[in-house]
Amino acid sequence: MNEMLKGRKSQIVTKGQDDVAIACGKASIAGSVSQRACVFCGSRVVLYPIADALHLIHGPVGCAAYTWDIRGSLSSGPQLHRLSFTTDLKEKEVVFGGETRLYNALISLIDNYKPKAAFVYATCIVGVIGDDMEAVCRRVTREKGIDVIPLMSEGFNGTKKDGYKIACAALSKLIGTDQTSVVPEHSINILGDFNLAGELWMLAEYYRRMGVNMVACMTGDGRIDDVRKAHKAKLNVVQCSGSMTYLAKDMEDKYGIPFMKVSYFGIEDMSDALYEVARFFKSDEMMQKARELVREELSKLLPELQKYRAQLEGKKAAIYVGGAFKAISLVKALRLLGMKTVVVGSQTGNQDDYNLLKELCDEGTIIVDDSNPNELSEFVKQTGANLFIGGVKERPIAFKLGLGFCDHNHERKEALAGYEGMLNFAKEVHASVCSPVWKFMK
Ligand code: SF4
């Protein structure tokens, strides 16, 4: 590929051709136009679904607009998370400082919206002008009697992954602050589900049918009071491992709560997520209920999937998503539909994720870390993919090249997790790949 930057070579491997481990976890190289978002965005997407908290962006209005309503996360109650408040820093504050403006904004918003807690996000310019955000947050915490938590998430200060860590540290400050609540014996926390299109509600219902109680979800349909008592759960079930493993490890160290990584995408991984929890609690009754649930769901789902498989058999897919764990589930889910993955990559995957992907994929599959539009377009052309699975930044690549697209990112409005989600996924893939519109593309 002629367009590839030399420094990117080690982050691209082809199964069966390159017998080296892929390089990953590195800062994006200059000029690459990485698909990754900034540190601030990383923090914002993790905490966004906490619906009864105030989210205030200390920075220019552009940073706030960029992350306004950034996820399709649903709330069963308050909707405060959907508002993107900002201190709207301008030239005057850049010269004279924005601390007074931040203080006034916090006081006014807390008085108006009565949030349970507040998260204040630092953006690039705050790091440059050096506002003492922590001091302002301490003062408002004292005066208003609620937790006002600063996130030092200046956009330039690392990668999106660093933003995840900062968000996890903010959650960690709240966890353990409720010592009085009592939770049932078989209790878990779900980490890394963001309740996109109501997915959390489906998952919580599966666990409820098995006799498992959910103390807190961090952060889908999140509530501050649930986060405070999350240390009472017996197990952390981590879905978006890229963003939430930091918190799971922190809770293991502080409270001795073990964690397991799962995925809720595709039949195989969804079922394993239920069985693994039953195994953890060493309950035969729970395992029995999990088996019954899986049997019941599959008896409805499999005949439906067959209809789509008949037309999708042999089609090729390219996948580029945020976390590699999701990519692994997608490869399996596509296989179930008779499709072959020819390109797969992620923004934030680690070595273990990529090793697993390499094991799972067919010979000739291109595996890529921290890619860019130029590379992705080339890979799609080279491999003749019929479908691109990605997010808002990958959609134009697919449409410009004239191939089907499936949105599997955090903005989506369609539930793709669980058994119901697998059927939605099959329908969406089928509608996109088999659309008659492609025959008009040259
Ligand atoms: S990179 Fe900086 S300026 Fe751009 S959105 Fe992120 S915080 Fe805002």
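1. The structure is a predicted model, in which local features need pLDDT of at least 70 and side-chain atom pairs count only at pLDDT 80 or more, while totals for chains, interfaces and linings use all residues. Residues are numbered from 1 along each chain as its sequence is written.

2. Around the ligand stand Cys38, Phe40, Cys41, Gly59, Cys63, Tyr66, Thr123, Cys124 and Gly155, a residue being near a molecule if its C-beta atom, placed from the backbone, lies within 6 Å of it. Helix H1 (39-47) and helix H2 (61-66) each contribute at least two residues to this shell, where helices (H or I, at least four residues) and strands (E, at least two) are DSSP runs numbered from the N terminus. The shell holds 6 nonpolar, 3 polar and no charged residues, with Ala, Val, Leu, Ile, Met, Phe, Trp, Tyr, Cys and Pro counted as nonpolar, Asp, Glu, Lys and Arg as charged, and the others, Gly among them, as polar.

3. An open sheet of 4 strands has the order S3-S2-S4-S5, with parallel pairing; two strands pair if DSSP finds at least two bridges between them. Strand S3 (85-86) and strand S5 (147-151) are at the edges with a single partner strand each, so one side of each has no neighbour in the sheet. Strand S2 (residues 53-58) and strand S4 (residues 117-122) run parallel and are joined by 6 bridges, and Ile57 has Tyr121 in S4 as its bridge partner.

4. The largest nonpolar core contains 135 residues, and Ala118, Val120, Ala318, Ile319 and Phe388 have the most contacts inside it. Helix H13 (residues 324-336) gives the most to this core, namely 8 residues. Such a core is a set of buried Ala, Val, Leu, Ile, Met, Phe, Trp, Tyr and Cys residues joined through C-beta atoms within 7 Å; a residue is buried if 20 or more other C-beta atoms lie within 10 Å of its own, exposed if 12 or fewer, and partly exposed in between, with C-beta atoms placed from the backbone.

5. Strand S10 (residues 316-321) is largely enclosed by the rest of the structure, because 5 of its 6 residues are buried. The chain passes from S10 through H13 to S11 in a right-handed β-α-β crossover, right-handed meaning that, with the strands pointing away from the viewer, the path from the first strand over the helix to the second runs clockwise. S10 and S11 run parallel with 6 bridges between them, whereas 3 bridges join S10 to strand S13 (residues 387-390), also in parallel. Ile319 stands opposite Ile389 in S13.

6. Leu337 lies in the loop between H13 and strand S11 (340-346) and counts as buried because it has 23 C-beta neighbours inside 10 Å. Leaving aside neighbours within four places in sequence, Leu337 is in contact (C-beta atoms, placed from the backbone, within 7 Å) with Leu305, Tyr308, Arg309, Leu312, Ala426 and Val429.

7. Some backbone details remain for the reader to check. The peptide bond from Met218 to Thr219 is cis, with omega near 15°, and Thr219 is in the loop between strand S7 (213-218) and helix H9 (224-228). Asp69, in the loop between H2 and S3, has a phi near 50°, a positive value in a residue other than glycine.

Note on methods
Contact = placed C-beta atoms within 7 Å.
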